Amino acid sequence: MSEYTPEQPSTLTSAPPAPAQAAANPAVQRQRASQLAQALRLELQKALIGQSAVIDDVLTALIAGGHVLVEGVPGLGKTLLVRALARCFGGEFARIQFTPDLMPSDVTGHAVYDLASEQFKLRKGPVFTNLLLADEINRAPAKTQAALLEVMQERQVTLEGRALAVPLPFMVLATQNPIEQEGTYPLPEAELDRFMLKLRMDYPEQAEELSMVRQVARSTRADMLDVTPLRTLLQAKDLLTLQKIASDLPLDEQVLDYAVRLARATRSWPGLALGAGPRASIALVRGGRSRALLRGGDFVLPDDIKGCALAVLRHRVRLAPELDIEGLSVDQVLQQLLDQVPAPRL
Amino acid sequence: MRLTDASVAIRPRSAWEALDLGVLLARRHAGLLMASWALLTLPLFALLCLLLWEHPGWAIFAFWWLKPAYERLPLYILSHALFGDTPSLGQAFKALPGLLKPQLLASLTWRRLSPTRSFDLPVLQLEGLAGPARSQRLVVLGQRDAGGATWLTVVGMHLEMALWLGLISLFYLLLPQQIELDWSWQSLANAAAGEWLWLEHLSNLLYALLLIVWEPVYVACGFTLYLNRRTALEAWDIELVFRQLRQRLTGVAYALLLGFGLVLLQAPTAAMAAGASSCPLPQEDPHGPQAARLLKQPLSSQAARHSIEQLLDAPPFENRETVTLWRFGEAATAEDPSADSLKGLIEKFLKLAEFWKSLDAVALFFEALLWATLFALVALLVWRYRDWLATFTGRLGLPQRRAHLPPSQLFGLEVAPQSLPEDVAGEVERLWTEQPRAALGLLYRALLSRLLHDYRLPLKDSHTEAEVLRLVQGLDRHELSAFSQLLTRHWQNLAYGHRLPPEDLRHALCDDWRRLSAAGGRG
């Protein structure tokens, strides 16, 4: 497939100039979009070896216009994934390393006094970008984490009383480390709920790790994978088009009903103390649409919904204390739930 | 048995002190006791192991059950050693057959689980009592030190367990590091029985070995408790003091006796003669109060006394009442069951049984009521926590035991074989032109039904179409999975994408279905 990937960017960049033609033939456009998405997936898999499920999920969120929280132990390539994505994506990319002394204004921006013009000038913070990497987000205290609340939901930042829109598309990719608890601040529920997906990175398979080590040992920077050879496949407007196409994918009533039933089941499930809100249903449907696009399908299947249900739900529910004491994880309980909620009926 | 020969100081002790004495006694004769125990039990253990090699659990159980039989040997040794007459190993074993004979069956059956085993053993073995005499004796003995004896057994059980676990851990710790044993508990539990037999026999052996150390102590402690109780009951300590007094004073007493004799010889004889009539016999007094008087009068003294006695017998002076109550029966009556009393007893029992029979209906009613309450309570609890049960039993692996009943509905489709028409392919071809959705739905239903009932795929309500396909691929039937893929794709196109299937598909699908069902019918 990699033989004909170089053509992909040109096909889509040439698509928007002729919207009338594209609209006339949505099937062709949809096909192109899904080819582009698959090319992007291949490119990312070159950089990040052995994490294809996580790459799929990140692309799901990218196409669905949601934010992603990536969790994993150190050294699995969380930051590498985001850097590779930024590399393949032609838009702006900014990175904030969250530290305990980071202030909200360091994230959003602030007003500075300009001596020459004797006026206050707004200085925009790093959030004014397309792709924002919030590295180790749980190392900053709650007030700094809260600086992201507005921009994540409303895509705008209020500075000095003025609401400034951030450039679209806008996506936050946050990483956090699940094992270190000292000096970290757990994310508040409101913040967690704004992330469309929470991804868990696990160790790669043996064969994949072998090939990764081989590749890293060959690279010039001895201890990390290089992302420089990756090609830029996607511009900001291409991504907007992709999102538009994904949101236009047809969705059967039954599938919609399935997504809503999944989210509602978490609220009355005996093993869960706290269920997921309506944002979860919305995220399920959007995730299902973008997975369908990634799959190359023309409509959404229940499988698409079920495939992203775990990532959508796992940070929106809270485990009952009894099960927590017994050592059950949220994923196990959600898996039980997925095993018992009936698939769509026709 | 001569108390003066006893090698322990005989005095009343508390139960705990007596137990302490027992430990000391066992320690003093440790070599003999342990050697005799080992010689007796280890061959027996080896024999049991050989006989029951396939069932190590039964072997150790039989060995454990026979414990009262072995305990007679240490008691024999201890009872002789107490009075300085320590038998040799050979003598002890020579005496063994005689020791085993009395009441062995009782010891090994209904008295096996008695918590005061070592305390009761001397009554049987040393006093040779049996039957009611034995139980009466035990009641007397058990009035004070039975608690101590019970505690001895309880502590002994725990001590055995602790020593056993300790020996096992020691054995495990002593394994050299080079022997890499990957002993995860699950593999231990799941391992085929044959592979671990030697390990179980090894742990059994450890138990037999620790008994060599503990059992003599146990028997000795029971024995000293028994001695202590008898000391208190029969005042052995006082007897001992008297004996010592006698030993010390024998010479003095003879001298005193001689002295007294000499003194008596000097006494005047007249004095001795005077004593003959010193105590006159009481004689009937003719004028005493008991004599009959006033004989010439209408009311003689005799008649008056008679009527007075009658009056005194009547109610104001005499109140007789009969009180019936339960008392602990005298053992003497039980010992002498004459024919009459036995008959009366049986009659009483019969009457009692009749009385109970009349109460049976009431009892039955209450029994039924109680059982019903219990069942209702359980049912209520299960109903109340049904959600929890449904959640947790899934994790316990219980559903695997439940017979897997194929659901009659899947994705809202009837998939029971009875609900399908005889000729599925023909029906599909008929429906295809006017109702394509119904036609494809019928075909998909038929496929699911085949998968469920003929291929026994564990399909659930929560399975999506793609998961069903994955399960089909697991069956490793090329033709079936190709057909399923084709059918599922078009079914999804129709159901979720609202796209009609192409016309030429009809024949392909129907032919495939006919071929598949023919192949399935042959298989």
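How many residues does the contact take from chain A and from chain B? The contact takes 22 residues from chain A and 16 from chain B, where two residues are in contact if their C-beta atoms, placed from the backbone, lie within 7 Å. The model is predicted, with local features needing pLDDT of at least 70 and side-chain atom pairs counting only at pLDDT 80 or more, while totals for chains, interfaces and linings use all residues. Residues are numbered from 1 along each chain as its sequence is written, and chains are lettered from A and ligands numbered from 1 in the order in which they are written.

On the side of chain A that touches chain B, helix 13 (302-313) and helix 15 (330-340) of chain A each supply at least two residues; helices (H or I, at least four residues) and strands (E, at least two) are DSSP runs, numbered from the N terminus. Helix 15 of chain A gives the largest share of that side, four residues.

Within chain A, the axes of helix 10 (residues 236-247) and helix 12 (residues 278-295) come within 9 Å and cross at roughly 105°. Axes here are lines fitted to C-alpha atoms, for helices over the stretch in contact, and angles run from 0 to 180 degrees between N-to-C directions. Helix 10 and helix 12 of chain A are therefore roughly perpendicular to each other (65 to 115 degrees). A:Ile245, A:Ala246 and A:Ser247 of helix 10 meet A:Arg289, A:Ser290 and A:Leu293 of helix 12.

Turning to chain B, this chain has 21 helices and two strands. Among its contacts with a separation of 6 or more, 73% join residues 24 or more positions apart.

How values were computed:
Parallel < 35°, antiparallel > 145°, perpendicular 65-115°, else oblique.
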